[in-house]
Amino acid sequence: MYICVSNTSNRIEIEIGKTYEIFEHEHPKCTWVKIPDGNTSVGYKTIQAYLSDFKSISNLRDEKIDDILKNPLK
């Protein structure tokens, strides 16, 4: 899962702070984003957005842990 960290794509379907499933895209700067949609037979739709708008939850967690280890509370 990936968390939306910015919305430079200006897509109304995505919200900063929400998690999304993303898929590979033929363009290195873009990605496919899976958006829940009960009106489709598969229960979701896909949109294109900038890959830079998303960060892996595990990578984000690792960065936060590293920051805490570098700057422990006194």
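Biologist: Among contacts in the chain between residues at least 6 apart in sequence, what percentage join residues at least 24 apart?

Modeller: The structure is a predicted model. Contacts between residues at least 6 apart in sequence form the set considered here. Within that set, the share joining residues at least 24 apart is 34%.

Biologist: What is the mean pLDDT of the chain, and in which element is confidence highest?

Modeller: In the chain, 99% of the residues reach a pLDDT of 70 or more, and the mean is 89. By element, confidence is lowest in α1, with a mean of 85. The highest value, 94, belongs to β4.

Biologist: In what order do the elements of the chain run from the N terminus on?

Modeller: The chain holds 1 helix and 5 strands. Read from the N terminus on, the order is β-β-β-β-β-α.

Biologist: Is the chain compact or spread out, judged by its radius of gyration?

Modeller: For 74 residues the globule rule gives 11 Å, whereas the radius of gyration of the chain is 15 Å. The C-alpha atoms fill a box of roughly 55 × 25 × 20 Å along the principal axes. Because the radius of gyration is well over the value from the rule, the chain is, relative to a compact globule, more spread out.

Biologist: Which strands stand at the edges of the sheet?

Modeller: The 5 strands form an open sheet with antiparallel pairing, in the order β4-β3-β2-β1-β5. Two of these strands have a single partner strand each, so one side of each is left without a neighbour in the sheet. The twist averages 45° from one strand to the next. The edge strands are β4 (44-50) and β5 (54-56).

Biologist: How many bridges pair β3 with β4?

Modeller: Strand β3 (residues 30-36) is joined to β2 by 3 bridges, and a hairpin through 6 residues links β2 to β3. The pairing of β3 and β4 is antiparallel, and its bridges number 7.

Biologist: Which residue in β5 is the bridge partner of I3?

Modeller: Strands β1 and β5 run antiparallel and are joined by 3 bridges. I3 finds its bridge partner within β5, and that partner is K55.

Biologist: Which strands does helix α1 touch?

Modeller: Helix α1 comprises residues 57-70 and packs on the sheet. Its direction makes about 75° with that of β5. The strands touched by α1 are β1, β2 and β5.

Biologist: How far apart are the C-alpha atoms of K55 and C4?

Modeller: K55 lies in strand β5 and counts as partly exposed, at 28% relative accessibility. Leaving out residues up to four places away in sequence, K55 touches Y2, I3, V5, L60 and E63. K55 and C4 are 51 residues apart along the chain, yet their C-alpha atoms are separated by 6.6 Å.

Biologist: Is S9 buried or exposed?

Modeller: S9 lies in the loop between β1 (2-4) and β2 (19-23). Apart from neighbours within four places in sequence, S9 is in contact with A49, Y50 and D53. The relative accessible area of S9 is 16%, and the cut-off for a buried residue is under 20%. Therefore S9 is buried.

Biologist: What percentage of the residues of the chain count as buried?

Modeller: The accessible surface of the chain comes to about 5600 Å², and 53% of it belongs to carbon and sulfur atoms. Of the 74 residues, the part that counts as buried is 23%.

Notes:
Residues numbered from 1 in each chain as written. Predicted model: local features only at pLDDT ≥ 70, side-chain atom pairs only at ≥ 80, totals over all residues. Heavy atoms only, no water. Helix = DSSP H or I, 4+ residues; strand = E, 2+ residues; numbered from the N terminus. Buried < 20%, exposed > 50% of the residue type's maximum accessible area, 1.4 Å probe, protein only. Contact = heavy atoms within 4.5 Å. Pairing = 2+ DSSP bridges. Axes fitted to C-alpha atoms, helices over the stretch in contact; angles between N-to-C directions. Rg over C-alpha atoms; globule rule 2.2 N^0.38 Å. Areas by Shrake-Rupley, 256 points an atom, 1.4 Å probe, with all protein chains shown as cover. pLDDT = per-residue confidence, 0-100.
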